[in-house]
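Please look through this protein model and report on how its parts pack together.

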Amino acid sequence: MALRHAVLAALLEGEYSGYQLTKVFDLGVANFWYASPQQLYAELAKLEQQGLVAGREVVQESRPNKRLFHVTDAGRAELEAFAEGRLKPSVIRDDLLVMVQAADGIDTEPVIKQLEERAAEAEARIEDLGELLGRIRGDMDEEEFLLRGEGVGGYLTALRGVAFEQGHRDWCLRAMSVLKERRAARAER
């Protein structure tokens with residue numbers, strides 16, 4: 001997947017300025033695709049040049065004018081082609097895993113600290129995603145929303161984000177516990 005597809009998918013939810021798009025990415029899309037604001041602005045410019053999104057100028061009195069972007073028919077066709085394509089398997093690339101892999105040959109105290117921080121970050125992300133799910137769902141219970149609600153794609157990706165963060169948190173806590181136990185056992189020798 002390229003950033004272009006993540007941007008196009010996010011813009012299906014509505015017409016956004018570049019700033020608003022960065023907020024959409026921060027709240028929902030970031031649980032499966034990270035992009036810096038600079039990358040998003042550059043991608044919007046490319047997509048507009050390619051005719052996959054269209055922008056319009058909005059005049060504002062007390063602030064600078066802004067551009068709002070929406071997906072064009074060509075952009076929808078691009079997403080359709082993407083959805084029909086063959087996907088690559090998911091892979092994990094994480095510096096923390098490299099640190100843990102090296103645990104037998106290095107001081108584990110900094111690794112344990114990193115694991116603690118990541119577990120706390122995952123917990124905070126679980127809470128944020130839970131709030132996002134509640135906002136998307138509104139007054140509906142989850143089963144009713146999944147059957148009849150608007151924005152089911154964003155809801156399903158947020159559910160995946162919760163499951164990922166829960167698994168990540170649990171793994172961090174387990175790895176941290178193992179490394180602490182091994183450290184204590186070595187100190188007793």
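In which helix is Leu3 found? Leu3 is found in helix 1. Note that this is a predicted model.

Is Leu3 buried or exposed? Leu3 counts as buried because its relative accessibility is 13%, and buried means under 20%. Leaving aside neighbours within four places in sequence, Leu3 is in contact with Phe25, Trp33, Ala35, Gln39, Leu40 and Glu43. One of these, Trp33, is 30 residues apart from Leu3 along the chain. Their C-alpha atoms are separated by 7.9 Å.

**The nonpolar cores**

In soluble globular proteins, nonpolar side chains tend to be buried together. The largest nonpolar core here has 20 residues. Val7, Leu8, Leu11, Leu21, Phe25 and Leu40 touch the most other members. Two or more residues come from each of helix 1 (3–11), helix 2 (18–27), helix 3 (37–49) and strand 2 (66–71). Helix 1 gives the most, with 6 residues.

Take Leu11 as an example. Not counting residues up to four places away in sequence, Leu11 touches Tyr16, Leu21, Leu44, Val53, Phe69 and Val71. There is also a second, separate core of 11 residues. Its members include Val100, Ala119, Cys172 and Met176.

**An aromatic pair**

How many aromatic pairs does the structure hold? It holds 1. Phe145 and Tyr155 form this pair, which is tilted. The rings lie 4.7 Å centre to centre, with 50 degrees between the planes. Phe145 belongs to helix 7 (residues 142–148) and Tyr155 to helix 8 (residues 152–188). The two are 10 residues apart. Phe145 is buried, at 1% relative accessibility. Tyr155 is buried too, with a relative accessible area of 0%.

**His168 in helix 8**

His168 lies in helix 8. Its relative accessible area is 14%, so His168 is buried. Leaving aside neighbours within four places in sequence, His168 is in contact with Asp94, Leu96, Arg118 and Ala122.

**Salt bridges**

The count comes to 13 salt bridges. Among them are these:

| Salt bridge | N to O distance |
|---|---|
| Arg56 and Glu15 | 2.8 Å |
| Glu43 and Lys46 | 3.9 Å |
| Asp170 and Arg169 | 2.9 Å |

Arg56 and Glu15 link distant parts of the chain, 41 residues apart. Arg56 is in strand 1 (residues 53–58), while Glu15 is in the loop between helix 1 and helix 2. Arg56 is partly exposed at 41% relative accessibility, and Glu15 is partly exposed at 31%.

Glu43 and Lys46 both lie in helix 3. They are 3 residues apart, about one turn of the helix. Glu43 is buried, with a relative accessible area of 9%, whereas Lys46 is partly exposed at 44%.

In the remaining table pair, Asp170 is partly exposed at 40%, but Arg169 is buried at 19%. Elsewhere, salt bridges that share partners join Glu48, Glu57 and Arg67 into one network.

**At the surface**

Which residues make the nonpolar surface patch of about 280 Å²? They are Ile92, Leu97 and Trp171. Ile92 is found in the loop between helix 4 (73–84) and helix 5 (95–101). Ile92 counts as exposed because its relative accessibility is 68%, and exposed means over 50%.

Asp141 lies in another loop, between helix 6 (109–137) and helix 7. Asp141 is partly exposed, with a relative accessible area of 46%. Its C-alpha atom is separated by 31 Å from that of Ser17, 124 residues apart along the chain.

Terms used. Residues are numbered from 1 along each chain as its sequence is written. This is a predicted model: local features need pLDDT of at least 70, side-chain atom pairs count only at pLDDT 80 or more; totals for chains, interfaces and linings use all residues. Side-chain values use heavy atoms; hydrogens and water are left out. Patches are made of residues with over 30% relative accessible area and no salt bridge: like charges are joined within 9 Å, nonpolar side chains (Val, Leu, Ile, Met, Phe, Trp, Tyr) within 5 Å. Accessible areas come from the Shrake-Rupley method with a 1.4 Å probe; for residues, only the protein chains shown count as cover. A salt bridge is a side-chain nitrogen of Lys or Arg within 4 Å of a carboxyl oxygen of Asp or Glu. Helices (H or I, at least four residues) and strands (E, at least two) are DSSP runs, numbered from the N terminus. Buried means under 20% relative accessible area, exposed over 50%, partly exposed in between (1.4 Å probe, protein chains only). A nonpolar core is a set of buried Ala, Val, Leu, Ile, Met, Phe, Trp, Tyr and Cys residues joined through side-chain atoms within 4.5 Å. Contact means heavy atoms within 4.5 Å. Rings of Phe, Tyr and Trp (its six-membered ring) pair if their centres lie within 6.5 Å; planes under 30 degrees apart count as stacked, over 60 as edge-to-face and the rest as tilted.
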